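The following paragraphs walk through a protein model, beginning with a single side chain and widening to the whole chain. Please keep the sequence and the coordinates in view while reading.

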Amino acid sequence: MIETFWNICLLHDITTRDQLLREAIRVKRTHRMLEQQQLADSDITAQPEKLFQWMKERALERELGHFPGDRDLFFRLYHTGKDLDLLEYGVMTIQQDRVTGGIIVHPANMEWFVERCERRGSRNILIAEAEKYIRGLVETKICERTWNITLMTENYIISRLFRAHFEPFANVHVVLGSIYQPLPLDRAFDDILTIPNFGMKMNDDDVPVRESEGAAVSHILPLLQEGGRLSVTFPARILSHQGDLVVWRRQMNEQTP
């Protein structure tokens, strides 16, 4: 099903990661809205013009942008993709992306994090740059637990994908934000999981180091509850280099609740 959906998109110049994700989200949002109004089996879905206009009238173009095709293309995409698992589709699409160069962390990392949260009795959890953990989200089914889970991403289309997929889960919150800038969150967390981008240089006078890894942690640490835990993956140089990093490491240890 996923490959068929991809092939239809590629034949119509819908080729980038975000374009492929966008159209799958559009199809799934349309299908879910039809189901909610008990119209999924009506004549709307059997007529290309009616289906296309129904989608356009429900403001999905304002939410997701202009649809890059005609009624017949949307009709084909809808009937090919309406039963897609959006998260699995997201995993496969991101894995196939050779342009953006994003990484997907091995699910064992998420499994370890889930086990630790269970041992600690955690209730409020933040997964930053959650698209990196998308395979772990699929395999651990973490969002089916009773924890309050916040998924953060700085990519708008990824945020729409998460919101569309996790809409049935009242305990899952999706936030659009960057861990390399002050974060738009007013809650504190028992556990935070992140793997910052390595090797980027930041222009941020509010943090004592220019490394992206350091800037990310400086912005994340204030979000921890007292006694909370931050699980972060660093390259070796962050923990061993001297100079400004020595001062930064000392400050981070002092700030840890």
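Phe-162 is buried, its relative accessible area being 0%. This is a predicted model, and the values given here are computed from it. Phe-166 also counts as buried, because its relative accessible area of 6% falls under the 20% cut-off.

The structure holds eight of them. A pair of aromatic rings is described by the distance of the centres and the angle of the planes. For Phe-74 and Tyr-78, the centres are 6.4 Å apart and the planes make an angle of 40°, a tilted arrangement. These two residues are four apart in helix α5, and so are separated by about one helical turn. In general, an α-helix has 3.6 residues a turn, so residues three or four places apart point the same way. Phe-74 counts as buried because its relative accessibility is 1%. Tyr-78 is likewise buried, with a relative accessible area of 1%. Phe-162 and Phe-166 form a tilted pair as well, with 6.1 Å between the centres and 40° between the planes.

The rings of Phe-74 and Tyr-78 belong to a cluster: ring pairs link them with Phe-52 and Phe-67.

The view can now be widened to the chain as a whole. Its secondary structure consists of twelve helices and five strands. Of the 257 residues in the protein chain, 51% are buried. Among contacts with a separation of 6 or more, 69% are between residues 24 or more positions apart. The accessible surface of the protein chain comes to about 12,600 Å², and carbon and sulfur atoms account for 47% of that surface.

Technical notes:
Residues numbered from 1 in each chain as written. Predicted model: local features only at pLDDT ≥ 70, side-chain atom pairs only at ≥ 80, totals over all residues. Heavy atoms only, no water. Phe/Tyr/Trp six-rings, centres within 6.5 Å; stacked < 30°, edge-to-face > 60°. Buried < 20%, exposed > 50% of the residue type's maximum accessible area, 1.4 Å probe, protein only. Contact = heavy atoms within 4.5 Å. Areas by Shrake-Rupley, 256 points an atom, 1.4 Å probe, with all protein chains shown as cover.
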